[in-house]
Amino acid sequence: MRVAALAIVMVFFLPLGSATAWWLSVDRPASWREADWSASGVLPDPAASPDAAIYVMAARTGGLKGAVSVHSWLVVKPAGARRYDRYDKVGWGRPVRVNAYAADARWYSNAPFVVKAVHGAEAAALLPAVEAAIAAYPHDGRGDYRIWPGPNSNSFVAHVLRAVPALDAVLPPHAVGRDYLGDGPRVHVDADGRDVHFSLHGLAGLSAGIRSGLEVHLLGQALGIDVTRPALKLPGIGRIGMAR
């Protein structure tokens, strides 16, 4: 038991401690009022291309929790559209918001990054399924937000990714809440049968499959390895290796 406890500390909490030490050294805004929420320029001008597009985006969140977690959202553009539509889940009012921020806006002054991008005919074919998954999200009522273990912003995006496995995307291992499947023990098999997920209230669990690789979940963080696109997944730090 002592060996097992030491192993858990080493593989989960040392990366979290390292991420926290780094975060405490970073200059960041003291509150959301002082933060920069402007467009970052990460995404291309939507009017410059007639192609459909789908983006899964993420950025470090604010406050101390930014040391160990990102906030994620979805950006879509139908073919011929001259603007993006952005979908976030937030902790106030009606949770799922549309275009509350610029598509590639900074989050608490933190620059976003693209987790997954799909363009052209493939994006156009997937858009109806993405929109249907957004509309079917079960935690979109007032009060249906819980920062930890979920359902939160990452739980929302992960729901869409599981519902539309053809997007071939997995949120970063420090997207706290992505593993929340509902209260109590839950099992989910992706529609294409390539990934299976087990979650105990979002506090502990496992994921395994072609997209997820092998992941162990604890307290909203994930530790794992991706085999098809070789990479390590580290709590609080993220994915290290080949991009998805």
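Two strands are said to pair if DSSP finds at least two bridges between them. With that in mind, and remembering that what you see is a predicted model, begin with the sheet, an open one in which seven strands follow the order S6-S7-S8-S9-S10-S11-S12 with antiparallel pairing. Select residues 185-189 for strand S6 and residues 238-241 for strand S12, and you will have the edge strands, each of which pairs on one side only. As you step across the sheet, the twist from one strand to the next averages 10 degrees.

Next, select S7 together with strand S8, which covers residues 204-209, and look at the six bridges over which S7 and S8 pair in the antiparallel sense. Which residue of S8 is the bridge partner of Val 196? The partner to pick out is Ala 208.

The tour now turns to empty space. Rolling a probe the size of a water molecule over the atoms shows where such space is left. In this model the count comes to two cavities of 30 Å³ or more, and the largest cavity has a volume of about 220 Å³. To find the largest cavity, select Ala 158, Arg 162, Val 170, His 197 and Ser 212, which are the closest to its centre of the 19 residues in its lining. Then colour helix H3, strand S7 (195-200) and strand S9 (213-218), each of which supplies at least two residues of that lining, with S7 giving the largest share, four residues. Sorted by class, the lining of the largest cavity has seven nonpolar, five polar and seven charged residues.

For the second largest cavity, which holds about 50 Å³ of space, select Trp 23, Arg 28, Pro 29, Thr 61, Gly 62, Gly 63, Tyr 108 and Asn 110, the residues that line it. This lining divides into three nonpolar, four polar and one charged residues.

Finish at the largest pocket, where about 380 Å³ of space lies. Select Thr 61, Lys 65, Tyr 145, Ile 147 and Asn 152, which are the closest to the pocket's centre among the 21 residues that line it. Strand S2 (70-77) and helix H3 (153-163) are the elements that give two or more residues to the lining of this pocket. How many residues of the pocket lining are nonpolar, polar and charged? There are 11 nonpolar, eight polar and two charged residues in the lining of the largest pocket.

Note on methods. Residues numbered from 1 in each chain as written. Predicted model: local features only at pLDDT ≥ 70, side-chain atom pairs only at ≥ 80, totals over all residues. Heavy atoms only, no water. 1 Å grid on protein atoms, 1.4 Å probe; cavity = no way out; pocket = protein on both sides within 12 Å on 5 of 7 lines; lining within 4 Å. Points joined across faces, edges and corners; volume = space filled by probe spheres on them. Nonpolar A, V, L, I, M, F, W, Y, C, P; charged D, E, K, R; others polar. Axes fitted to C-alpha atoms, helices over the stretch in contact; angles between N-to-C directions.
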